Amino acid sequence: MSKEPAVKPPGDPALPRNITLARLVDPAMAQSMTEGAIAAVLFLHRQFPAYLLQQASRTWRQQPQPIAAHRKVGVLGFGKMGEPVAQGLAALGFPVCAWGQRPRTDTSVAYCWGAAGLEQVLAETQILINLLPLTAATTSILNADLFNRLPAGAALINLGRGGHLKDEDLLAALQKRHLSHALLDVFHNEPLPADHPFWSHPQVTVLPHVAATTDPESAAPIAMQNVAAFRAGRPLVGLISVSRGY
């Protein structure tokens, strides 16, 4: 039986407004996310979904193999996870353009912001990675309108939250072949219900929320330091703005 994710976003109305919230800022988790995102991009870039389908039918056929410089990657979200992911992909030779909701000038990769910036990123992106925080503004952002603004044949990687994605819109975009493949690590209900169409869809790769798992060895000392800072009245690391949602 499916269950709702245990952790609710900071903007959830069920959370008290008068509490202090801080997120875990763990370099080890950022490294893990970077590895997961790069693996997902390379999985799609090197046509592994097509080769897995060919193996099932015992088909021997070499797929086109463009170099990284010819595959444009868009990264939605440029925070503690999105920035190192964008930098890691750029280091491999992928043309990367990141997008966020606020202006940034301290970036080593191409960066756009706001509505006009999102339009610019989507227009040229062949592999789109979502690493946005889940807020009222980003809920269901991965929808038919966004998919239609991507070039035909683009692929989606969702490493953010299940609430970012409108499942039915993705299925429709895959059915029309406007999107070629989707690699999904997060879902509205986790574990993903056994009868969900994503499980058996030939253009969907399902991962069980493993892009960046918490490592207790690195995370526990960081959490303890924040607890100690809170008790001593010192500033916290990773303080969340409840009104902003992240």
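Helices (H or I, at least four residues) and strands (E, at least two) are DSSP runs, numbered from the N terminus.

The model is a predicted one, in which local features need pLDDT of at least 70 and side-chain atom pairs count only at pLDDT 80 or more, while totals for chains, interfaces and linings use all residues. Residues are numbered from 1 along each chain as its sequence is written, and side-chain values use heavy atoms, with hydrogens and water left out.

Strand E1 runs parallel to E2, to which 4 bridges join it. E1 and E4 also run parallel and are joined by 4 bridges. Two strands are taken to pair if DSSP finds at least two bridges between them. Together with H3, strands E1 and E2 make a right-handed β-α-β unit. A crossover is right-handed if, with the strands pointing away from the viewer, the path from the first strand over the helix to the second runs clockwise.

In soluble globular proteins, nonpolar side chains tend to be buried together. A nonpolar core is defined here as a set of buried Ala, Val, Leu, Ile, Met, Phe, Trp, Tyr and Cys residues joined through side-chain atoms within 4.5 Å. The largest such core has 29 residues, and those with the most contacts inside it are Val41, Val73, Val75, Leu89, Ile129, Ile157 and Leu159. H1 supplies the largest share, 8 residues. When neighbours within four places in sequence are left aside, Val41 is in contact (heavy atoms within 4.5 Å) with Val73, Leu89, Phe94, Ile127, Ile129 and Ile157. Another core, of 27 residues, lies apart from the largest one and includes Leu118, Leu150, Leu192 and Phe198.

A search of the whole structure finds 3 aromatic pairs. Rings of Phe, Tyr and Trp (its six-membered ring) pair if their centres lie within 6.5 Å; planes under 30 degrees apart count as stacked, over 60 as edge-to-face and the rest as tilted. One of the pairs is formed by Phe43 and Phe48, which are edge-to-face at 6.1 Å centre to centre, with 85° between the planes. Phe43 is buried at 16% relative accessibility, whereas Phe48 is partly exposed at 43%. In another pair, the ring centres of Phe78 and Tyr111 are 5.2 Å apart and the planes are at 40°, so this pair is tilted. Because Phe78 lies in the loop between E1 and H3 and Tyr111 in strand E3 (residues 110-113), the pair ties together parts that are 33 residues apart in sequence. Phe78 is buried at 7% relative accessibility, and Tyr111 is buried at 16%.

The count of disulfides, defined as pairs of cysteine sulfur atoms within 2.5 Å, comes to 0. The cysteine sulfur closest to that of Cys97 is in Cys112, at 3.6 Å, which is too far for a bond. Cys97 is buried at 17% relative accessibility, and Cys112 is buried with a relative accessible area of 8%.

Some backbone features remain. Most residues other than glycine have a negative phi, and most peptide bonds are trans. Gln47, in the loop between H1 and helix H2 (48-56), has a positive phi near 65° and is partly exposed at 21% relative accessibility. Ser140 also has a positive phi, of about 65°, although it is not a glycine. Ser140 lies in the loop between E4 and helix H5 (144-148) and is partly exposed, with a relative accessible area of 25%. A cis peptide bond, with omega about 0°, joins Glu190 and Pro191. Pro191 is found in the loop between strand E6 (179-184) and strand E7 (204-206).

Note on methods. Buried means under 20% relative accessible area, exposed over 50%, partly exposed in between (1.4 Å probe, protein chains only).
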